[in-house]
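Biologist: I would like to go through the contact between the two chains. Please give the rule behind each term.

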Amino acid sequence: MRRLCLVFLGLALVLFGPSSSGAAQDQTTLFVSNPSCSQRVSDTAQCTITINSVSVFSNNPNFLGLQIAINDKVRARFTAFFETSIAVNPAMLGSGLQVPCGRPGASGQANLGFIYNVQVSVLINGSSGPTDSALTACPYYQSKAFLPALRH
Amino acid sequence: MRYIWAAVAVGIILLAGLLFVVRQSATAQQGAPTPAAGSSGPQTGPAGSIPELPSSLQSFTVNNPYCYQPDPSLNQCYINIRWMQGVDNNTSAPYMLYLSISISSKVRYMGTAFFENAINYSYDMAPGGFKVPCGGPNASGLGAAYGFAYSVVMSPLDSSRSPMMTDTASTVCPAFAP
């Protein structure tokens, strides 16, 4: 009778016990390099934020994609429809994500313009995925005033 | 008397076994595929008599499309695809001659295979991407952060520009909210 009970217990464990593959499910990994802000032309108020490398790997069946937001404004969204991974390099975003540079001291530091919060989020349906955010400071833009030459 | 009954039982068992073996072999012969009349050898390629030829497309691999808004003060977004490749086996028709990208049913890219059996697309072949309107907040019903959702169709095409295969993905653009 004892042997019979052990046999049934073993069968129950095999049939209904935790599977070894369950531990490997729902893994999402996000790699983000730090963002940077550049002012390509010094006499314009336009700066560009770029991230050198972003990649995400997910085996979550609800994996939707990846998005990049600057100061809570979504600026890029990558769809995960066919794949379980997304890799982004700066050239994929053309000339980059443009932002106003800001006047000198706009962020409290005399030699810098605005500071932006760059947020990279993994989108997972029904739950919140991993998120990385970093602050990046932009060069300032010194506006110039051109007064018309007045002649009496 | 007991030996006679035992012999009869053994005989019945042997007869039943023989019948079972005969029935199994007959079933196996019925299930075996019969070759087409007048054919010899494998039925692959254009000369085969199979009514539906297998696709001559060896592989078709695409990355997901994406949409971004370079300047938030403009209602201009850009859709692009990181990488896409169609490979033809170059041995049987139909042959892949083109590779197209359509956005909302409008063809935006057409690659041609003239010398090679493969067409590759990389994001930098359309510098910056394909320009589309971003759309206002919640234009696609996916939330205030998003504008329009676009259907991106990627297809290898044969000589008559008919799709040999189609991959469709929906991509959502950031909202234009100045």
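Biologist: How many residues does the contact take from chain A and from chain B?

Modeller: Contact means heavy atoms within 4.5 Å, and by that rule 24 residues come from chain A and 26 residues from chain B. This is a predicted model: local features need pLDDT of at least 70, side-chain atom pairs count only at pLDDT 80 or more, and totals for chains, interfaces and linings use all residues. Residues are numbered from 1 along each chain as its sequence is written, chains are lettered from A in the order in which they are written, and side-chain values use heavy atoms, with hydrogens and water left out.

Biologist: What area do chain A and chain B bury between them?

Modeller: About 2100 Å², 50% of it on carbon and sulfur atoms. Buried area is the accessible area (1.4 Å probe) that two parts lose on being put together, summed over both. Arg77(A), Phe82(A) and Met92(A) supply 31% of the area that chain A buries against chain B, more than any other three residues.

Biologist: What makes β6(A) and β2 of chain B a pair of strands?

Modeller: Strands (E, at least two residues) are DSSP runs, numbered from the N terminus. Two strands pair if DSSP finds at least two bridges between them; β6(A) and β2(B) (residues 65–68) have three and run antiparallel, so they pair. Ala76(A) stands opposite Tyr68(B) in β2(B).

Technical notes
Helix = DSSP H or I, 4+ residues; strand = E, 2+ residues; numbered from the N terminus.
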